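Please read the points below beside the model.

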Amino acid sequence: MRALGWHGLLALWRKDVLSFWLSPLWWVVAAVFLALTGWYYLAVVASFQAPDLRFLLDHMVVLLLFVVPALTMRLWAEEQQRGTAELLLTAPVTLNQAVLAKFLAVLTLLTVLLLVTGIYPAVTAAYGAVEWPTLLVGYLGVWLVAAVFAAAGLLASTLSDSQVIAAVAGFGILLALYMLDWAAGSVGGTAGDVLRAASVWENLSDFINGVLDTRRLVYFASLIFGFLFLAVRNVERRTWAA
C-alpha cells in the first residue's frame with residue numbers, strides 16, 4: 001500500500017488544490033487579497049511619483065496574517081469533521097506525506113496569489129524604473145513568510161475539529177510571530193535580542209531590502225520544518241487517543 005509513496009502525495013496534493021479551486025472560500029479570499037493589494041498599490045502610486053514597491057511587500061505580509069488562517073483552517077479540521085481523517089490515514093501514503101501534501105496545496109494557492117500581484121511591478125516598469133533584483137529577493141522573502149504561515153496554520157488545523165477554532169488559533173500563532181519584534185523593543189537586553197532574532201518581521205527585513213542572507217533562509221526553513229513536524233506529531237497523538 002505504501003509503495004505508491006510520492007505518487008500518492010501528488011494525488012493528495014492535486015485533490016486538495018482542486019477542492020480549494022472549487023470552493024467559494026478560495027475565490028472570496030483571493031478577491032479580497034488582490035483588491036486590497038491593488039487598492040494599496042494605487043494609494044502608493046498616488047502618493048509618490050516613483051512608488052517604492054517595498055511598501056507593497058510589507059502590506060502583503062500583513063494581509064497574509066488574515067488570508068492564511070482562512071485557507072488553512074479547513075485542512076485537517078474539515079477531515080475530522082467529515083470523519084474522513086481515518087480514511088486519509090489508510091491511504092497509500094505515510095502520515096508525513098499526507099501532511100506535506102496539504103501544506104503544499106495551500107502553498108501552491110498562496111504562490112498563485114503572489115504571482116498575480118506581479119502585475120503591479122510590471123505596470124510600474126512600463127512607466128518608470130524597477131529595481132528587479134531587489135524586488136525579486138523581496139518577493140522571495142514574502143513567499144517564505146507565506147510558507148511559514150501555511151505550516152503554522154496547518155498545525156493549528158490539527159488542534160481541533162472546529163474550523164473556527166483552527167482559524168482563531170492559526171491567527172494567534174501568526175500574530176505572535178509577527179509581534180515578536182515589537183515585544184523585543186519593549187523588553188530590551190538579551191531577552192529582547194532573542195525575541196528579535198525569532199521575529200518573522202526582523203528576518204524578513206533583509207529580504208525586503210534586497211539582501212539574501214543564508215542565515216535568514218535557515219531561519220525560515222527551520223520554522224517550516226518545525227511547524228510541520230508538530231502537525232504530524234499532533235495528528236499521531238490524536239489518532240492514538242481516539
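1. V200 is buried, since its relative accessible area is 1%, where buried means under 20% relative accessible area, exposed over 50% and partly exposed in between, with a 1.4 Å probe and protein chains only. The residue belongs to helix α11 (residues 200-208), helices being DSSP runs of H or I of at least four residues, numbered from the N terminus. Leaving aside residues up to four places away in sequence, V200 touches V145, L177, Y219, F220 and L223, contact meaning heavy atoms within 4.5 Å. From C-alpha to C-alpha, V200 and D181 lie 7.9 Å apart in space and 19 residues apart in sequence.

2. On provenance, this is a predicted model, in which local features need pLDDT of at least 70 and side-chain atom pairs count only at pLDDT 80 or more, while totals for chains, interfaces and linings use all residues. Residues are numbered from 1 along each chain as its sequence is written, and side-chain values use heavy atoms, with hydrogens and water left out.

3. Helix α6 (residues 95-116) and helix α12 (residues 214-241) have axes that come within 10 Å and cross at roughly 125°; the axes are lines fitted to C-alpha atoms over the stretch in contact, and angles run from 0 to 180 degrees between N-to-C directions. That angle makes α6 oblique to α12, given that angles under 35 degrees count as roughly parallel, over 145 as roughly antiparallel, 65 to 115 as roughly perpendicular and the rest as oblique.

4. In this contact, L95, N96, V99, L100 and F103 of α6 meet I224, L228, A231, V232, V235 and E236 of α12. The contact residues divide into nine nonpolar, one polar and one charged, with Ala, Val, Leu, Ile, Met, Phe, Trp, Tyr, Cys and Pro taken as nonpolar, Asp, Glu, Lys and Arg as charged, and the others, Gly among them, as polar.

5. Rings of Phe, Tyr and Trp (its six-membered ring) pair if their centres lie within 6.5 Å, and planes under 30 degrees apart count as stacked, over 60 as edge-to-face and the rest as tilted; by this rule there are nine aromatic pairs. The rings of Y41 and Y120 are stacked, because their centres are 5.1 Å apart and their planes are at 25°. This pair links Y41 in helix α2 (residues 24-47) with Y120 in helix α7 (residues 119-127), 79 residues apart, and both Y41 and Y120 are buried.

6. The rings of F225 and F229 are also stacked, with centres 6.2 Å apart and planes at 20°. F225 counts as exposed at 60% relative accessibility, whereas F229 is partly exposed at 40%.

How values were computed:
Helix = DSSP H or I, 4+ residues; strand = E, 2+ residues; numbered from the N terminus.
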